[in-house]
Amino acid sequence: MFRSRSKDEKAPAAKAPVTDVPSAQPRDPQAPKGRPTPKRAAAQSQRRSVMNTPTTRKEAAKRAREERRANLEKQRQALASGDERYLPARDKGPVRKYARDFVDSRFCVAEFFLPTAVLILVLSLVRVAQLQNIALLLWLVVIVLIVLDSITTGFRLKKRLNQRFPDEHKKGAVAYALMRSLQMRRLRLPKPQVKRGERP
C-alpha cells in the first residue's frame, strides 16, 4: 500500500504529450507579451518620468522646495504684471479683477490713511495744546470721511458687479476692494492696470 510506484507506472505520466492551445490570432514575433511596441516618444517620456521620480525622501523634499520656490516666483511676477494665470487664488477671476480696476480708477480717501495717521501722530507728540487739539479733530474728520467713502464705494461697486456679472460668484469681492482701497496706490498688489479716471 505504501510502496513507491514502479518506473513503468511513472513513464506514461511523464511521456504524456503536452498540447498547446492554439491562439486565435498569431502573435507578432517582435511584440512582447502580446502588446504592440510603444512609440519612441511614449517610451522616452516614460523613461524620463522614471528618471525624474525622486528615489529618497531628501530628494523629494528638495524637489518640493524647488517647485514651491518656482511657484512663488511666478506669483510674484504675476502680482507685478497682472498675469491672471499665476495669481494667488484670492486675486483670480473676472469679478476680483473688476473690483481691483474699480478701486484703482478712482481716488479713495482711505488710501491717504497711512500718511495722514503719521502726520496726526507727529502733531499729537508736540507739547502744544492747540496742535494736539488739531490732531484730534483731524483724526475724527479722517475717520468719518473714510467710513462715508467706503460705504459709497461699496454700494456702487456692488451695483456694478450685479449688473456686469449676474451669474458669477461675488461673495467677498466688495470687502476685497475696500481692503485694497486702504493701501496706497503704488503699494497695491497686484499692480494697478488702469489709470485714475479710466473706466474699468
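Helices here are DSSP runs of H or I with at least four residues, strands are E runs of at least two, and both are numbered from the N terminus. Bear in mind that this is a predicted model: local features need pLDDT of at least 70, side-chain atom pairs count only at pLDDT 80 or more, and totals for chains, interfaces and linings use all residues. Residues are numbered from 1 along each chain as its sequence is written, and side-chain values use heavy atoms, with hydrogens and water left out.

Of the 200 residues in the protein, 21% are buried (under 20% relative accessible area with a 1.4 Å probe, protein chains only; exposed is over 50%, partly exposed in between).

Now pick out α6, residues 129-164. This helix has 36 residues and reaches 52 Å from its first C-alpha to its last, close to the 52 Å expected (1.5 Å times one less than the number of residues). Its buried residues include Val142, Ile146, Thr153, Leu157 and Leu161, and the cover over the buried residues of α6 includes α4, α5 and α7.

Leu157 and Leu161 also belong to the largest nonpolar core, a set of 12 residues that includes Val95, Phe102, Phe165 and Tyr176. Such a core is a set of buried Ala, Val, Leu, Ile, Met, Phe, Trp, Tyr and Cys residues joined through side-chain atoms within 4.5 Å. At least two residues of this core come from each of α4, α6 and α7, and α4 gives the largest share, five residues. Ala173 is a handy spot to look from: beyond its neighbours within four places in sequence, Ala173 is in contact with Val95, Arg96, Ala99, Leu157 and Leu161.

How do α4 and α7 cross? Their axes (lines fitted to C-alpha atoms over the stretch in contact, with angles from 0 to 180 degrees between N-to-C directions) come within 9 Å and cross at roughly 35°.

Last stop: Glu111, in the loop between α4 and α5. Glu111 is buried, at a relative accessible area of 3%. Its side chain joins that of Arg196 through a polar contact of 2.9 Å (a pair of N or O atoms within 3.5 Å, one able to donate a hydrogen and the other to accept it; residues adjacent in sequence count only if both atoms are side-chain atoms).

Terms used: Contact means heavy atoms within 4.5 Å.
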